[in-house]
Amino acid sequence: MTDTSTPLPPRFLRTPEAARHLGLSGRTLEKHRCYGTGPVYRKIGGRVVYAIADLQAWADRGARTSTEVAGAHPVLPARRPDRA
């Protein structure tokens, strides 16, 4: 018999899986990682992985109900931030 009271550990996705989860290309997700505009990621054993909860939280930043309302935390495009 197994103990069902212990929550399962979070599931991590590698870049190609995470990109498919978000509907992006792997290259776009890599660019977001380089420019600091993407979801939170972890390096485990030299591999980049994403927790599903972090992917969902990042995607949720782009949720809108109208094109007239600008959000406080938009999902930025995968490009270098402007430098002042």
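Arg42 sits across from Val49 of strand E3, and Lys43 faces Val48 of that strand. Both pairs come from a predicted model, where local features need pLDDT of at least 70, side-chain atom pairs count only at pLDDT 80 or more, and totals for chains, interfaces and linings use all residues. Residues are numbered from 1 along each chain as its sequence is written, and side-chain values use heavy atoms, with hydrogens and water left out. Helices (H or I, at least four residues) and strands (E, at least two) are DSSP runs, numbered from the N terminus.

E2 and E3 (residues 47–51) pair in the antiparallel sense, with three bridges between them; two strands are said to pair if DSSP finds at least two bridges between them. Two residues separate the strands in this hairpin, and Gly45 there has a positive phi near 60°. On to E1: this strand also runs antiparallel to E3, again over three bridges. Here Leu13 is the residue opposite Tyr50 in E3. Put together, the three strands make an open sheet in the order E1-E3-E2, with antiparallel pairing. E1 (12–14) and E2 (42–44) are at the edges with a single partner strand each, so one side of each has no neighbour in the sheet. From one strand to the next, the twist averages 50°; angles run from 0 to 180 degrees between N-to-C directions, and axes are lines fitted to C-alpha atoms, for helices over the stretch in contact. As for what holds such a sheet together, strands pair through backbone hydrogen bonds, either parallel or antiparallel.

E3 is also well covered. Four of its five residues are buried, so this strand is largely enclosed by the rest of the structure. Buried means under 20% relative accessible area, exposed over 50%, and partly exposed in between (1.4 Å probe, protein chains only).

Stepping back, the protein chain has three helices and three strands, which run β-α-α-β-β-α from the N terminus on. Of its 84 residues, 19% count as buried. Among contacts between residues at least 6 apart in sequence, 50% join residues at least 24 apart, contact meaning heavy atoms within 4.5 Å.

Now for the helices. H1 (residues 15–22) begins with Thr15 and lies across E1 and E3, at about 100° to E1. Its buried residues are Thr15, Ala18 and Ala19. Viewed down the axis of H1, these fall within an arc of 100°, so they line one face of the helix; the arc is that of the directions from the helix axis to the C-beta atoms. In general, an α-helix has 3.6 residues a turn, so residues three or four places apart point the same way. The buried residues of H1 pack against E1, H2, E3 and H3. Thr15 itself has a relative accessibility of 10%, which is why this residue counts as buried. Leaving out residues up to four places away in sequence, Thr15 touches Gly26, Leu29, Glu30, Arg33, Val48 and Tyr50. Just after H1, Gly23 takes a positive phi of about 80°.

H1 packs on H2 (residues 26–35) at an angle of about 100°, and their axes are 8 Å apart. That angle makes the two helices roughly perpendicular, a label for 65 to 115 degrees; under 35 counts as roughly parallel, over 145 as roughly antiparallel, and the rest as oblique. Thr15, Ala18, Ala19 and Leu22 make the contact from the H1 side, while H2 supplies Gly26, Leu29, Glu30 and Arg33.

H3 (residues 52–60) has Asp54, Leu55 and Trp58 as its buried residues. Down the axis of H3 they fall within an arc of 100°, so they too line one face of their helix. They pack against E1, H1, H2, E2 and E3.

Pro74 is partly exposed, with a relative accessible area of 34%. Apart from neighbours within four places in sequence, Pro74 is in contact with Arg61 and Arg64. The C-alpha atoms of Pro74 and Gly62 are 5.4 Å apart, although the two residues are twelve apart along the chain.
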